[in-house]
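Thanks for asking me to look this over. Here are my notes, point by point, to read with the model open beside you.

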Amino acid sequence: NTGETLRGRIALRLFDGIPQGSPLREGNRNGTFTDMGLVGRIEVINGPSASEGIGAAGGIINYISKVPTAEGHETTVISRYSTQSGSDSAGWKLGVNHAYKSDDFDALLSASYIDRGISYDGNGRRIGMNTSGSLADSESRNLYAKLGANFGEGGVQRLQLSLSDFRIEGKGNYKQVEGCRYDPVECPIPSTNTSERGSIAGSLTEFNDFQQAALNYSHGDLFGGTFTADVYWADQAMRYLPEDGDDRQLVKVDDNFDESQRIYDQSEIVSKKRGLRTSWTRGDLFGVPGLQLRTGVDVVEDKAAQRLALTNRVWVPPMEYSSVAPYAQLTWDVGPVTLSGGLRREDGELHVDSYTTTAYRNSVFVQGGGLEYTETMKNLGAIWRITDTWSVFASYGEGFGLANIGIPLRNINVPGQSVDRIADLDPIIVTNKEVGFNWRGDSAAFGASYYDSKSPFGSTLSVDPVSNDFVMARAPVRIRGFEANGEYRFNPQWKVSGIYSRIRGKTAFWAEAADGSYGAGGLNKPMGVLDANPDKLAVSVTWNFAPDADLTLGATKLFDRHLSGSDVREYDGRAFTYEENTKGYTLVDLGVNYDTGRYGKLTLGIENLFDKQYILSWSQVPGWQNYWAGRGRMVSLTHTIAF
């Protein structure tokens, strides 16, 4: 849930095309929204995309539910047991999927329950309860239904309804104990955050409560093309674990603060969204072979807010974003070449209620208001299939997004501010250029790409050295990266595959002054681990050692990274420096599958096979209670049977 980006920017997670969480207040807890046992496939768009409007500056990850494929009824039962050896680390799952398919009707019904124990690191020490979305010591339940009917002459029309009700909730058996980083005086023996049995008086359990509904209509022969329309609704809430930081206190923490009055409070984000998506696709447009048009309009309304739940205080005021976005995309197949290009017009409006900040931010009143966003985004692309084995591609795309605007809104501490005049609410416009190639032979495949992504008024995260809290900086951003992937099949039994990713981002130490007295700095500040991950290499070997059995051994390596940069602002002679060092680590996983046939399929999974002790890369940067170890060896046994 925390510490992952896609090409250096936050990705937009979708479930059946519906956004999970809100880009207005990205809380790093919206990565858990359904049971993966009903997910049939995952589609990923790397890099900025305008196809989903706001929130997709890093790309799109769309989790798509399974589709009934076998005629008649089919029931699948999934059971799993997992453990890290400790008695309180055990967990189990029971899930049931029932699918039905006929000529004109199909249905998918799913229910599951998961119970998770506490987590341990490689040293056998309990891992702390991560405030931004730990799954340890929790239970979740999921109910899902998808019903579809084909009608009309030849079944050319279809109506489909899907409903999802997911909740994950902490069991409240543990409370976090803060560790300490090495300091020769304060902490000569460092220790990571851990958990101990007990609870904080008056606290509530953390949860994710996601509910959504969607109605889809499609017509396969409307004015010579295919028409689809999706209407959706989603109601989502996320509550975090209790914290006693200075920013949670009822009065400002200063030299006169009475520590006996320090309280714990819990943040809670609520998000409500509804939308309409339409598309119409027609091939051989104007009688031109291979020329296809896809056009439509997206209408969306997204509301989000954040409060301190135990004391019922506003932390981030209610925000509402609404937009209407028409688009058109042309694709033309000309022999071995495919050309594509399109436009999307984002016409949106943001409204923020008036509010008063917390005592930590001087309890200042902020006048509410509205902002309008109007942008036209372009994309161009080409693929040339040189031979049956070689192809090359190039693309240019633009993305539109809003920064995690809840952070600058809650951090205002100067009186006389108005939402209309907060520069940090300006949009993020990203341009991305990419080139690459792919080769696929009879027993091997290889591909690579290089991308260059720019945003003149981008967004980066850092840790305030005074408050140890996350702060957002708005300044120019440029991210460049290289990705490669390949596989080689020695014979029908053995296959090896791998991927490599390298990202380097630069931003400015300062943004342009609001009064125009000085411009933004140069791209001299490296983007750290809170924005861009270190270099990563993943390699796996698969062995089909029997007709109905296979084994996969995989290793993922994060490399060491050393970043530094400096700049001097001519306007006032102020010097800026930045340095960050992160240590890499390698984790090995093992998976074994055996299909018994009549008695179902067995899967043995061992995560972190060698029980390595390591510190999460993003936890190697000092911050508020963020010193987390990674999880040690986890063993699971899963049984899946269909009838």
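1. Strands here are DSSP runs of E with at least two residues, helices are runs of H or I with at least four, and both are numbered from the N terminus. Two strands count as paired if DSSP finds at least two bridges between them. S28 and S29 make a hairpin, with two residues between them.

2. Before going further, please keep in mind that this is a predicted model: local features need pLDDT of at least 70, side-chain atom pairs count only at pLDDT 80 or more, and totals for chains, interfaces and linings use all residues. Residues are numbered from 1 along each chain as its sequence is written, and side-chain values use heavy atoms, leaving out hydrogens and water.

3. Which strand does S29 join through ten bridges? That partner is strand S32 (residues 585–595), and the two run antiparallel. To locate the pairing, look at Gly 554, whose bridge partner in S32 is Asp 589.

4. Now to the start of the chain. Four strands form an open sheet there in the order S2-S1-S4-S3, with mixed pairing. Its edge strands, each pairing on one side only, are S2 (18–19) and S3 (39–46). S1 (residues 12–15) meets S2 in the antiparallel sense over two bridges, and Leu 14 stands opposite Pro 19 in S2.

5. Another open sheet, of three strands, is ordered S18-S19-S22, and its pairing is mixed too. Here S18 (355–356) and S22 (417–418) are the edges, each pairing on one side only. S19 (residues 365–367) and S22 are parallel, joined over two bridges; Gln 367 stands opposite Ser 418 in S22.

6. Stepping back, the protein chain has one helix and 34 strands. Its C-alpha trace spans about 75 × 60 × 45 Å along the principal axes. Buried residues (under 20% relative accessible area, 1.4 Å probe, protein chains only) make up 47% of the 643 residues.

7. One last item, on contacts (heavy atoms within 4.5 Å). Among those between residues at least 6 apart in sequence, 66% join residues at least 24 apart.

Terms used. Buried < 20%, exposed > 50% of the residue type's maximum accessible area, 1.4 Å probe, protein only.
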